[in-house]
Amino acid sequence: MKSFSESYKEAGVDVTAGYKAVELMKEHVKKTTIPGVVSGIGGFGGLFAPDLSGIKNPVLVSGTDGVGTKLVAAMLLDKHDTIGIDCVAMCVNDVVCCGAKPLFFLDYIACGKNIPEKIASIVKGVADGCVESGCALIGGETAEHPGVMPDEEYDLAGFTVGIVDRDKIIDGSRMEPGDVLIGIASSGVHSNGFSLVRKVFGLTKEKLETYYEELGTTLGEALLAPTRLYVKPVLNAIEKADVKAISHITGGGFYENIPRMMKEGCTAKVNRAAVPVLPIFELIAKTGNIPQRDMFNTFNMGVGMIMAVSKETADDAIRALTESGETAFVLGEVIEGDEGVIIE
């Protein structure tokens, strides 16, 4: 007998919508299958058997995050097919900072009403992000919250597990003055600082559909540009160069994230002129009259990832990142001190 409860449906939860959503998302999930996947979606747990060949002392690295209030822009524009990429990126970009290769990913979607086509569109983005990062989408959960969330609203979070050999963990312990700071370009605001973005612009559908000459796009297109996925380029750079520390520039911008990778006795000296500030950040600062210090303490400013690399292999790192399709550049250097980061 097929599962169905008229009473539950009257309370606001239609389990048949959930079944339809799963059927619609299966084609997207299937394309993320990689060696190691033991079970498909639908069970009580996602099974994955990692290949440990060549790894002497495996260490699992986990990461979890959401997309924050960037979801507001997606909901206002009724565009949901890329927000899942953001969710994957926020997790896998974190674990690769340790030198870990992401193995698998799970998502969690809470919604006011399960509209199967919308849920499948969200999951498509998640699957696209997993494919680009080389990890498998092995499970997830969609939960209807009638009476708690409006029908049209949803929240999205994710979780990933990666693996790295203990001897190859990147933790900044080998950092020393003279190391070079290399920046990797971002695609825009990524998934952080949207509470300030919403305050500055007073986001509405009309505002998001407004074309800005300085952006070359509408505001909505600029803000919804998916977070870049740095996994494969960074892993390539780690193979080709002496990478000593990595920082994912997320909420808190330069001033919060760069110090997280710094070794005691070392300070990151960032050349302000080397930061390729994107037009969207100039527009945010101008519209909201936001001081430069606050901008660098909230947004990535055009730099999504920063690596500390030995001076001798800095060119190798930039070459590897460029070959992987990224825009990479010298951003500064590591100097003596305990100030965390200096931008000048």
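Search the whole structure and you come back with 0 disulfides. Keep in mind that this is a predicted model. A disulfide is a covalent bond between the sulfur atoms of two cysteines, and the cut-off used here puts those sulfur atoms within 2.5 Å.

So how far is the sulfur of C111 from the closest cysteine sulfur? The gap is 15 Å, with C87 at the other end, and that is too far for a bond. C111 itself is tucked away: its relative accessibility is 2%, so it counts as buried.

Then there's C135, which is in no disulfide either. Its nearest cysteine sulfur belongs to C130 and sits 3.9 Å away, while the cut-off asks for sulfur atoms within 2.5 Å. Buried or exposed? C135 is buried, with a relative accessible area of 1%.

## The sheet

Now for the strands. There are 4 of them in an open sheet, and reading across it the order goes β1-β4-β2-β3, with mixed pairing. The edge spots go to β1 (58–66) and β3 (136–144); each has a single partner strand, so one side of each is left without a neighbour in the sheet. On average, neighbouring strands here are turned by 15° against each other, ignoring direction.

## Zooming in on β2 and β4

What holds strand β2 to strand β4 in this picture? The two are joined by 10 bridges and run antiparallel, with β2 covering residues 101–111 and β4 covering residues 154–165. For a handy reference point, look at F105: it stands opposite T160 in β4.

Definitions and conventions. Residues numbered from 1 in each chain as written. Predicted model: local features only at pLDDT ≥ 70, side-chain atom pairs only at ≥ 80, totals over all residues. Heavy atoms only, no water. Pairing = 2+ DSSP bridges. Axes fitted to C-alpha atoms, helices over the stretch in contact; angles between N-to-C directions. Buried < 20%, exposed > 50% of the residue type's maximum accessible area, 1.4 Å probe, protein only.
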